[in-house]
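Please open the model in your viewer and keep the selection tool at hand. The tour below goes from one selection to the next and says what is to be found at each stop.

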Amino acid sequence: MEREMIADLFVVKKCPKYGKDEKGIFATQFIPKGTIVHFLCKKCGTWSLKEMARLSKPRILQVLTHEYPTKYCDRRLGYINHSCNPKIMETQKGFDIVVRDIAKGEEATEDYRIFNEEKHFDGGCKCGEKNCMKNTTYRSPAPKKLRRFWDGEIRSAMRLIPDVKQPLKKELLKEHPELRRLFNKNEKRPKHQSN
Ligand SMILES: [Zn+2]
Ligand SMILES: [Zn+2]
């Protein structure tokens, strides 16, 4: 059986707001904040230039647009679009988490800037969010203020991990048993992190 390392909660659909043939990923059901929706598993790898050289031209184009550098074992994730105010964030702990509730049918987005990729922003950003960087040129590393914003978003979502249904919990813990404490409701929080 093919294991799913992206939660089976999304479909890839055309997304004309980004251009005629552009696609995006959309929620097939309500996905609450705190849901872990993806992690890099052992099957996910990275494309090497040698491997890419063996691909057909159309496939290379597809890899460069949707998969490079990560070879996701589930291609759906490669279609996730950027937003300056995303629904999902990479935690830097090996998994991605929903930071804002996603309604059924709504597009799921991530902030590409957290991947330290500048190539996406040659023409600025048109996500339309109120905190959109618009025509500002993005240079990594991200400014302190932005990194603080990301940290806050991620921390607040991670606190909800024990409280929401986690479709990837079993698979995630099989590969990353050290993350078990994140699912533990009774974990004592440090005092300075009062809510
Ligand atoms: Zn994988
Ligand atoms: Zn934007």
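This is a predicted model: local features need pLDDT of at least 70, side-chain atom pairs count only at pLDDT 80 or more; totals for chains, interfaces and linings use all residues.

Residues are numbered from 1 along each chain as its sequence is written, chains are lettered from A and ligands numbered from 1 in the order in which they are written, and side-chain values use heavy atoms, with hydrogens and water left out.

Within α2 (residues 57-67), colour R59, V63, H66 and E67, which are buried, that is, under 20% relative accessible area, whereas exposed means over 50% and partly exposed in between (1.4 Å probe, protein chains only). These residues lie on the same side of α2, because they cover an arc of only 100° around the axis, the arc being that of the directions from the helix axis to the C-beta atoms. On the face turned away from that buried side, look for the exposed residues K57, P58 and L61.

Next, select the zinc ion (ligand 1), which is coordinated by the SG atoms of C41, C44 and C73 at 2.2 to 2.4 Å; donors are N, O and S atoms within 2.8 Å of the metal (3.2 Å for Na, K and Ca), and water is not among the atoms, so sites may look incomplete. C44, in the loop between β3 and β4 (45-46), and C73, in the loop between β5 (70-71) and β6, are 29 residues apart.

Move on to the zinc ion (ligand 2), held by the SG atoms of C84, C125, C127 and C132 at 2.3 to 2.4 Å. Its four donor atoms subtend angles of 104 to 114°, which makes the arrangement tetrahedral, a term that requires all angles between four donors to lie between 85 and 135 degrees. C84 is buried, with a relative accessible area of 1%, and C132 is buried at 12%.

Finally, select F10 and F95, the residues with the most contacts inside the largest nonpolar core, which has 46 residues; such a core is a set of buried Ala, Val, Leu, Ile, Met, Phe, Trp, Tyr and Cys residues joined through side-chain atoms within 4.5 Å. The largest share of this core, five residues, comes from α3.

Note on methods
Helices (H or I, at least four residues) and strands (E, at least two) are DSSP runs, numbered from the N terminus. Four donors count as tetrahedral if all angles lie between 85 and 135 degrees; four count as square planar and six as octahedral if opposite donors are over 155 degrees apart and all others between 65 and 115; anything else is irregular.
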